[in-house]
Amino acid sequence: MLTAAAAIPAFRPPLSVIKPPRLKPGDTVALVGPAAPAFTHETVQVAVESLQALGFKTVIAKHVFDRYGYLAGTDADRAADLNAMFANSSVNAIMAMHGGWGCARLLPLLDYNLIRRNPKILVGYSDITALLLGIYAQTGLATMHGPVGSATFNPFTVNYFRQTLMDGQAVLMENPHDKGDLLAQVKDRIDTLHPGKARGRLVGGNLTVLSHMMGSKYLPDWKDSILFLEDIGEDVYRMDRMITQLKLAGVLDQISGFVFGKCTDCEPGKGYGSLTLEDVFRDHIIPLKKPAYSGAMIGHITHKFTVPLGIEAEMDADAGTIRLLEPAVK
């Protein structure tokens, strides 16, 4: 575990973030498998049809259907697919088919000079966090925490994907306000941990992936950033341990604001005396006295934002919103 005294590589991204070109109808989106394999051809076909419904052409990377245990082929082959798609001038965006595990294994194998010379949209979430953070840290390219190919392309998700990556809007990310037939809203509520507004570059992703990258050169500078996090299937004590790691590494001291999305299936266990995630936030986040809230539509959920890493934004912990201060694409 990293301690407060341990040295974090002093890498700072370029002063000017590299924005990828926006997507247009008729553009080509490449589907890649940088982590878990594509378990069925049907899942990939559904992704193809969903992207076609948005007006895009698609290409499937060479090794998407490979299988090497729990990985979609060898590290060399998965990295080669990513490098090839960045090099391919007919490809306008790259979308991961699945998360799982394996993206961090690719970071030393990517051609960052190639990626810097050929900026394009890279989108995904969960284990794809390693690629989003690593490529942003090494090149300055704004990467996109958003749907994977196997995601649910419902109107909420598609709306944020379209506004952010196609229309190039300075998007306001706001949870649904739907009480249904109830007297008070129950689903997708916002919990203000500490009030106020904060500005900074958006950085973050999956907490487990991010925390296991600590101490590497594949993480960006945290100073004055807005840190957003999500996770799935983690016991509360594990969440506590990982947030403590960020605290000991000095990350939480440097950020300007904190946004937690959803922690799916992260309820306290049956054992005696478990803390809740609210308790963990009370211990580690609230004492920072920085604007912070939880419940954002970020995570392993069907309705999700598309959140660009490296883009300036303002968060409002009282309203539970994130507003981009500039377009994420050019």
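In this predicted model, β10 (257-264) and α9 (277-284) each supply at least two residues to the lining of the largest pocket. β10 gives the most, with four residues. The pocket has a volume of about 470 Å³. Its lining counts 17 residues, and the closest to the pocket centre are Cys263, Glu267, Leu277, Glu278 and Ser294.

The loop between β10 and α9 holds Asp265. This residue is not a glycine, yet its phi is positive, at about 60 degrees. Most residues other than glycine have a negative phi. Asp265 has a relative accessibility of 62%, and the cut-off for exposed is over 50%, so Asp265 counts as exposed.

Asp224 also has a positive phi of about 60 degrees without being a glycine. It is found in the loop between α6 (207-211) and β9 (225-232). Here the relative accessibility is 43%. This value lies between the cut-offs of 20% and 50%, so Asp224 counts as partly exposed.

The largest nonpolar core has 106 residues. Leu110, Leu227, Leu246, Phe258, Val259 and Phe305 touch the most other members. Helix α4 gives the most to this core, with six residues. In soluble globular proteins, nonpolar side chains tend to be buried together. Phe258 illustrates the contacts of one core member. Neighbours within four places in sequence are left aside here. Phe258 is then in contact with Leu193, Leu227, Leu229, Phe281 and Ile285, and also with Pro291, Ala292, Tyr293 and Met315.

β4 and β5 belong to an open sheet of six strands. The strand order is β2-β1-β3-β4-β5-β12, and the pairing is mixed. β2 (57-60) and β12 (307-308) stand at the edges. Each has a single partner strand, so one side of each is left without a neighbour in the sheet. Strands of a sheet pair through backbone hydrogen bonds, either parallel or antiparallel. β1 (residues 28-32) and β2 run parallel, joined by four bridges. In one of these pairs of strands' bridges, Thr28 has Lys57 of β2 as its partner.

Definitions and conventions: Residues numbered from 1 in each chain as written. Predicted model: local features only at pLDDT ≥ 70, side-chain atom pairs only at ≥ 80, totals over all residues. Heavy atoms only, no water. Pairing = 2+ DSSP bridges. Core = buried A, V, L, I, M, F, W, Y, C linked by side-chain atoms within 4.5 Å. Buried < 20%, exposed > 50% of the residue type's maximum accessible area, 1.4 Å probe, protein only. Contact = heavy atoms within 4.5 Å. 1 Å grid on protein atoms, 1.4 Å probe; cavity = no way out; pocket = protein on both sides within 12 Å on 5 of 7 lines; lining within 4 Å. Points joined across faces, edges and corners; volume = space filled by probe spheres on them.
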